[in-house]
Amino acid sequence: MDFEPTETQQLVVRTAREFVERKLLPVAAELDRESRFPSEQLSQLAELGMMGVNIPASLGGSEAGAVAYSLAMMEVARGCASTAVTMAVTNMVGEVISFFGSDAQREQYVTKLTSGEYAAGAFALSEPGAGSDAAAMTTQARRTDDGWVLDGQKMWITSGGKCGVMVVWARTDTSSNRLGHKGISCFLVAQGTAGLKVEKKEDKLGLRASETVPLTFEDCHLPADALLGEEGQGFRIAMMALDGGRIGIASQAVGVATAALAEGIEYAKDRKQFRKPIADFQAIQWMIADSKTELEASRLLALRAAELKERGAPSFSREAATAKVFASEAAWRICDRMLQIHGGYGYVRDFAIERHLRDVRVARIYEGTSEVQRTVIARSLLRG
Ligand SMILES: Cc1cc2nc3c(=O)[nH]c(=O)nc-3n(C[C@H](O)[C@H](O)[C@H](O)COP(=O)(O)OP(=O)(O)OC[C@H]3O[C@@H](n4cnc5c(N)ncnc54)[C@H](O)[C@@H]3O)c2cc1C
């Protein structure tokens with residue numbers, strides 16, 4: 001076991017950190033206030049290789065590995081969680097296409113994601129009636145003479161209207177009335193395809209600079225080579241992608257909590273009550289100590305899952321779920337404690353802590369809720 005980052009990992013962290021300090025921290029509050037999609041920042045991140053951290057260099061990626069990706073995500077999320085989630089989904093989509101795509105699909109799409117030619121990638125799995133139970137999806141892909149026709153609705157799609165390409169899951173086998181994970185396939189859909197309609201943007205509690213939209217597919221014709229992987233393999237592809245995605249969300253939570261803790265400490269040293277800094281009170285010190293402890297544990301869990309992924313372990317589902325549930329819940333507690341340290345000033349927009357609290361809440365919901373992560377962990381243990 002080696003806790004020392006490699007030279008490549010150190011370089012990725014330094015690059016991300018410098019970008020965060022110079023380009024992201026100065027605008028994060030404004031992006032949030034104006035609910036402005038961070039196009040410029042994403043394009044700069046692509047130039048720095050952050051849109052394909054774990055993608056082969058032959059496809060324009062940085063080929064720095066899953067641990068470097070987790071470390072980069074922690075840094076970017078420290079600066080702006082909205083930018084971080086957009087980067088996370090783009091990396092995830094690039095990785096999925098790199099792994100399951102044909103040479104032609106990789107060539108056509110991955111290089112555009114890594115280079116920033118596409119502002120983002122999107123992952124369209126959830127539907128209005130199929131969230132935790134993704135296999136209950138009703139979007140259908142019907143085979144035609146020369147390809148496929150998609151019909152259905154997707155919900156909560158990050159960057160659905162801003163992306164250049166999206167991976168869309170649909171049912172290709174409707175022969176059985178029983179809905180289930182069998183007979184689901186996945187497709188690559190380019191932005192602007194006829195029959196794809198991007199609906200009204202969600203007005204969210206947090207991550208306000210990221211875009212979340214419902215999508216409607218109506219008689220949406222796709223060429224035969226839009227199929228990603230094999231027919232019927234879609235659910236497996238989704239689950240594999242989500243295992244990696246959960247490491248990304250755990251890392252995002254660590255990044256936001258890191259920012260929150262630093263701001264809480266700063267404020268505690270500065271704010272005086274009863275003629276001394278509130279940092280002198282044990283109640284405040286314990287909030288800081290508990291937060292640091294949980295933050296370090298979260299960080300190690302995320303990096304352990306990332307290391308397993310990087311090593312090519314046959315499965316890292318349980319470790320990814322463990323990291324995600326712990327880090328997202330700890331980050332919520334940390335942001336809440338740090339807001340408490342700010343007193344009334346934490347409840348207004350003058351300080352960043354209220355944004356962190358709003359931004360971090362969704363980490364317990366997306367890419368599988370905390371309840372779903374616990375189910376993944378328990379099932380894996382009970383299987384023996
Ligand atoms: C900001 C944001 C961005 C998102 N981005 C994307 C995206 O890019 N792509 C995408 O496909 N999806 C995306 N999602 C969707 C997200 O993954 C879902 O919201 C999530 O999976 C939960 O589904 P749901 O909202 O339908 O809740 P539900 O599944 O309806 O769950 C409601 C509650 O019931 C609980 N529950 C459900 N089933 C069980 C069970 N078996 N046991 C115990 N408890 C259970 C849940 O844990 C939750 O507390 C995004 C969501 C948000 C809010």
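A nonpolar core is a set of buried Ala, Val, Leu, Ile, Met, Phe, Trp, Tyr and Cys residues joined through C-beta atoms within 7 Å. Buried means that 20 or more other C-beta atoms lie within 10 Å of a residue's own; exposed means 12 or fewer, and partly exposed falls in between, with C-beta atoms placed from the backbone. The model here is predicted: local features need pLDDT of at least 70, side-chain atom pairs count only at pLDDT 80 or more, and totals for chains, interfaces and linings use all residues. Residues are numbered from 1 along each chain as its sequence is written.

Start with the core. The largest one has 130 residues. Within this core, F187, A257, A331 and C335 have the most contacts. Helix α7 (residues 234–270) gives the most to it, with 17 residues. Helices (H or I, at least four residues) and strands (E, at least two) are DSSP runs, numbered from the N terminus. In soluble globular proteins, nonpolar side chains tend to be buried together. A331 is in contact (C-beta atoms, placed from the backbone, within 7 Å) with A253, V254, V256, A257, S298, V360 and A363, leaving aside neighbours within four places in sequence.

Now the domains. An automatic or database domain assignment sets the bounds. Domain 1 spans 7–118, domain 2 spans 123–233 and domain 3 spans 235–382. The C-alpha centres of domain 1 and domain 3 lie 20 Å apart. Their contact takes 22 residues from domain 1 and 24 residues from domain 3. On the side of domain 1 that touches domain 3, α2 (28–33), α4 (66–79) and α5 (81–100) each give two or more residues. α4 gives the most, with ten. By class, this side of domain 1 has 15 nonpolar, three polar and four charged residues. Here Ala, Val, Leu, Ile, Met, Phe, Trp, Tyr, Cys and Pro count as nonpolar, Asp, Glu, Lys and Arg as charged, and the others, Gly among them, as polar.

β1 deserves a look of its own. In a regular strand the side chains alternate between the two faces of the sheet. From β1, G121 and F123 point one way and A122 and A124 the other, and all are buried. β1 pairs with strand β4 (residues 165–171) in the parallel sense, over four bridges; two strands pair if DSSP finds at least two bridges between them. A124 has V168 of β4 as its bridge partner.

Turn to A321, in helix α9 (residues 317–341). A321 counts as buried because it has 27 C-beta neighbours inside 10 Å. Beyond residues up to four places away in sequence, A321 touches R246, Q373, V376 and I377. E367 is 46 residues from A321 in sequence and 9.9 Å away in space, C-alpha to C-alpha.

Two backbone angles remain. S35, in the loop between α2 and α3 (39–47), has a phi near 45°, positive in a residue other than glycine. S35 is partly exposed, with 15 other C-beta atoms within 10 Å. D219, in strand β7 (residues 212–223), is not a glycine either, yet has a positive phi of about 50°. D219 is exposed, with 10 other C-beta atoms within 10 Å.

Conventions: Contact = placed C-beta atoms within 7 Å.
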